[in-house]
Structures are given as structure tokens and as C-alpha cells.
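Visitor: Show me the model, please. Then take me through it piece by piece.

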Amino acid sequence: MQVWLFRIACAPLPRYSFLMSTLPNDGPDLLGPDDPPQFEVINREGGAHMLLVCDHASNAVPKQLDYLGLPDDAFEKHIAYDIGAAAVTRGLAQRLDAQAVLAGYSRLVIDPNRPPGHPDSIMPENDGIQIPANQDLSPMARRQRVRQVFEPYHDAVNRALARLWDRGPAPAILSIHSFSPTFGGKPRPWDIGVLWNRDPRIAVPLMEHLDRFELTVGDNEPYSGHDLAYTIDMHGAAAGIANCAIEINQDQIRDKSGVLRWVDILSESILPIFDIPGLHRVERF
Ligand SMILES: [Zn+2]
């Protein structure tokens, strides 16, 4: 009996004891010295009380993930990033004198606009294309991408919003995306879509101002603001601050002149919204 008790007392702890399994484990470093940062903040001291965010700004993949097993040209396509959206965000940040936070990695690594663990967070397939490195990922590999790619970007958004809160009343947040002109073989007729859920403070006047430019404006098209949109849902709607997302047709922002045209259109449409009463109040809809 004594020998038996002694053996139990001296047995090494199992590798995954209850205590260890509850501790975070980020896995080995996913990013190396040649990889870009997880986010970029521009115009940090910008005077506008609206934060711009661009979730799908980049088509970068950590070197270690070796292009996720896809051919190089897959990263020129909309499945990897929102073509033109980063350039519009940069132009708009300058024109509106607004802070902007741009994500540093492709949505194929982990989508910043989906909650971690969601089936679309690390997509095994996008628009009919299988992503080899996203099949049957271990919990550790998923956690690596959440901790080392997803969370640093959202922390940067939180810090940018906190800087605005420090300076004044409730900030507003605008998320900038672009959409492919066809999806699943079907054409999408819109020049721009304004996506909103219940908070009308930015979306409704924005659609009115955009109408002046004789554009085909989608009201919750080609995606609906009622669907999951993690970034503005979490940083905007959940906090009760004015929020909205826009989706620009990629065909119109592929080159510099297209980007400049849309920076003009959007800045003229957004600037008057800054003066709307109630924009900078915490409000639930
Ligand atoms: Zn997007």
C-alpha cells in the first residue's frame, strides 16, 4: 500500500493537466522578421472623430505558411483581399484627416471580420477554391492565427478608438471593403453598397449624399448589414457608437484614377455627416 501511494505521489504530472489546459498557449511564432506587421495605423493624430478600418486590406501571408499551398496568382484575386480597398482607405484618411487601421494579412490566413472559431474564420474554401493549408487545422494552428494575427489587429482598432474617446465624445467607425463584380457566375450591378444593421446615423445620410453622383447604390447589397460583420458589430454596434460599412465595386478601384474618383465621391459624401446631431452619442438602436 505504501509503495503504491509513493508511486502516485512521485508520478510526473500528465503533460496536459487540468491547470495547463486552461492556460493560453499561442503556439510557436508564426511571424518571422521578414513578415509584415499585423496592422498598420495611419494618421494617428488625425483630427476627425471617425475611425476608418480596412479588414481586408492585404493579401500577405506569413512566410512560414508558404502561400497556404495556393499558386501565387490566387493572391491577386478577390478571395485573398479586397482589391483597391486599402488605397481608398489611405486616400480617405488623408482627405478626412481621419485615423485608419488596416489589417496586415490576407483574410485567407484568418478573417478579421469573423469571430474566431466561426466556420468562416479560417476558410477551408472560398468562392470554389480549396485552401490547402486551411484543411483540418489543429487547435494549436488555429490558436496561432487567432493570437498572433487576429487579436493584434483588433487590439489596434481598440487602441485607435480609445485615442478618440480620450479626445472627446463617442467616436464613429466606418469599415471599408470592396466586392467582386460577379460572384458564383452572377453579375452584381451596384457601384457601391452601404451595409448597416439598426444604426441609421451614418448609412442613411450617406446613401442620400451618394445619390447625388448618379450611382447605383445598394442598400444592404451585395451583402446585408444584418448578417455577421464582426468588426463593426463588436467595435461599433456593441459599444453603441455610430457605425457603417461600405462595399465598393472592385472594378472601379483597380487603378489610381478609380481610387481618386472614389476618394472624391466618398469624402464629399462623408464630410457633411460629421455635423449630424447625435452622431457622437452612445445610442442603442
Ligand atoms: Zn471585405
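Visitor: Which residues point the other way from Ala 100 and Leu 102 in strand β3?
Guide: Helices (DSSP runs of H or I, at least four residues) and strands (runs of E, at least two) are numbered from the N terminus. Strand β3 covers residues 100-103, and all are buried. Buried means 20 or more other C-beta atoms, placed from the backbone, within 10 Å of the residue's own; exposed means 12 or fewer, and partly exposed lies in between. Ala 100 and Leu 102 take one side, and on the other are Val 101 and Ala 103.

Visitor: What pLDDT do local features need in this predicted model?
Guide: Residues are numbered from 1 along each chain, as its sequence is written. The model is predicted: totals for chains, interfaces and linings use all residues, side-chain atom pairs count only at pLDDT 80 or more, and local features need pLDDT of at least 70.

Visitor: How many bridges join β1 to β3?
Guide: Two strands pair if DSSP finds at least two bridges between them. Phe 39 has Ala 103 of β3 as its bridge partner. Strand β1 (residues 39-42) runs antiparallel to β3, and the number of bridges is 4.

Visitor: Which residue stands opposite Leu 52 in β3?
Guide: Strand β2 (residues 50-54) is parallel to β3, with 3 bridges. Val 53 is bridged to Val 101. Opposite Leu 52 stands Ala 100.

Visitor: Through which helix does the chain cross from β2 to β3?
Guide: This β-α-β crossover is right-handed: with the strands pointing away from the viewer, the path from the first strand over the helix to the second runs clockwise. The chain passes through α3.

Visitor: Which strands stand at the edges of the sheet?
Guide: The sheet is open, with 7 strands and mixed pairing, in the order β1-β3-β2-β6-β11-β9-β10. Each edge strand has a single partner, so one of its sides has no neighbour in the sheet. Those strands are β1 and β10 (217-219).

Visitor: How many residues of strand β6 are buried?
Guide: Take one side: Ala 172, Leu 174, Ile 176 and Ser 178 are buried. So are Ile 173, Ser 175, His 177 and Phe 179 on the other. β6 (residues 172-179) is therefore largely enclosed by the rest of the structure, and its count is 8 of 8.

Visitor: Over how many bridges do β6 and β11 pair?
Guide: On one flank, β2 and β6 pair in the parallel sense over 4 bridges. Towards β11, His 177 stands opposite Glu 247, and Leu 174 is bridged to Cys 244. β6 and β11 are parallel too, and their bridges number 7.

Visitor: Which residue of β11 is the bridge partner of Gly 193?
Guide: Strand β9 (residues 192-195) runs antiparallel to β11, with 4 bridges. β11 is mostly covered, with 7 of its 7 residues buried. The partner of Gly 193 is Glu 247.

Visitor: Which helix gives the largest share of the core?
Guide: A nonpolar core is a set of buried Ala, Val, Leu, Ile, Met, Phe, Trp, Tyr and Cys residues joined through C-beta atoms within 7 Å. The largest one has 71 residues, and Leu 51, Leu 52, Cys 54, Val 88 and Cys 244 touch the most other members. Its largest share is 8 residues, from helix α4 (139-167).

Visitor: Where is Ile 241 placed?
Guide: It has 26 C-beta neighbours inside 10 Å, so Ile 241 counts as buried. Its contacts (C-beta atoms, placed from the backbone, within 7 Å) beyond four places in sequence include Ala 170, Pro 171 and Val 282. Its place is the loop between α6 (230-237) and β11.

Visitor: How far apart are the end C-alpha atoms of helix α7?
Guide: The expected span is 1.5 Å times one less than the number of residues. Helix α7 has 15 residues (256-270), so it should span 21 Å. The model agrees, with its ends apart by 21 Å.

Visitor: What covers the buried residues of α7?
Guide: An α-helix has 3.6 residues a turn, so residues three or four places apart point the same way. Buried in α7 are Val 259, Trp 262, Val 263, Ile 265, Leu 266, Ser 269 and Ile 270. Their cover includes α3 (85-96), α5 (203-211) and β11 (243-249).

Methods. Two residues are in contact if their C-beta atoms, placed from the backbone, lie within 7 Å.
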